Amino acid sequence: MTDLSDEQKRDFEAAAFRRLVAHLRERTDVQNIDLMNLAGFCRNCLSNWYREAAEAEGVALSKDQSREIVYGMPYAEWQTQHQTEASNAQKAAFEINRPKDH
């Protein structure tokens, strides 16, 4: 394995994060419940992790601010434009697969 400096790792991780966020913004057809059921995390989780990282560095960031960073728009606007009602099957799968902290 190539030896990477801490700075290189951070830069590559940041680039991968930006690409993930861009991908999720493009794939508005994929609902958060689908992400939760398949991967155990969703856009909201990602925004929470972002906010927690900011707070760990002493930067206050609201839930709305961190969600806007991930969604690329206010969360309410994203919901109106892209969120669909979850099916009974999606809801049932979520209850089975839900992470313990959700």
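Mentor: We will go from the whole chain down to single residues. This is a predicted model, in which local features need pLDDT of at least 70, side-chain atom pairs count only at pLDDT 80 or more, and totals for chains, interfaces and linings use all residues. Residues are numbered from 1 along each chain as its sequence is written, and side-chain values use heavy atoms, with hydrogens and water left out.

Trainee: How many helices and strands does the protein chain have?

Mentor: Helices (H or I, at least four residues) and strands (E, at least two) are DSSP runs, numbered from the N terminus. Here the protein chain has six helices and zero strands. Its pattern along the sequence is α-α-α-α-α-α. The C-alpha trace spans about 50 × 30 × 25 Å along its principal axes.

Trainee: What share of the residues counts as buried?

Mentor: Buried means under 20% relative accessible area, exposed over 50%, and partly exposed in between (1.4 Å probe, protein chains only). Of the 102 residues in the protein chain, 28% are buried.

Trainee: Which residues form the largest nonpolar core?

Mentor: Such a core is a set of buried Ala, Val, Leu, Ile, Met, Phe, Trp, Tyr and Cys residues, joined through side-chain atoms within 4.5 Å. The largest one has twelve residues: Val21, Leu24, Ile33, Leu35, Met36, Phe41, Cys42, Cys45, Leu46, Val70, Ala86 and Phe94. H1, H2 and helix H3 (43-56) each supply at least two residues of this core. H2 gives the most, with three residues.

Trainee: Then let us look at H2. Which of its residues are buried?

Mentor: They are Asn32, Ile33, Leu35, Met36 and Asn37. An α-helix has 3.6 residues a turn, so residues three or four places apart point the same way.

Trainee: What do the buried residues of H2 pack against?

Mentor: Contact means heavy atoms within 4.5 Å. The buried residues of H2 pack against H1, H3, H4 and helix H6 (88-97). Take Asn32, which is in helix H2. Asn32 counts as buried because its relative accessibility is 10%. Leaving aside neighbours within four places in sequence, Asn32 is in contact with Cys42, Arg43, Asn44 and Tyr71.

Trainee: What follows H2?

Mentor: Gly40 does, and its phi is positive, near 80°. Not counting residues up to four places away in sequence, Phe41 touches Leu35, Met36 and Trp49.

Trainee: Where does Gln31 lie, and is Gln31 buried or exposed?

Mentor: Gln31 is in the loop between helix H1 (6-26) and helix H2 (32-39). At 8% relative accessibility, Gln31 counts as buried.

Trainee: What does the side chain of Gln31 reach?

Mentor: A polar contact is a pair of N or O atoms within 3.5 Å; within protein, one must be able to donate a hydrogen and the other to accept it, and residues adjacent in sequence count only if both atoms are side-chain atoms. The side chain of Gln31 reaches the backbone oxygen of His82 at 2.9 Å. Gln31 touches Arg43, His82, Gln83 and Thr84, not counting residues up to four places away in sequence.

Trainee: Last one. Where does Ser62 lie?

Mentor: Ser62 is in the loop between H3 and helix H4 (63-71). Ser62 counts as partly exposed because its relative accessibility is 34%. Ser62 and Met73 are eleven residues apart in sequence and 14 Å apart in space, C-alpha to C-alpha.
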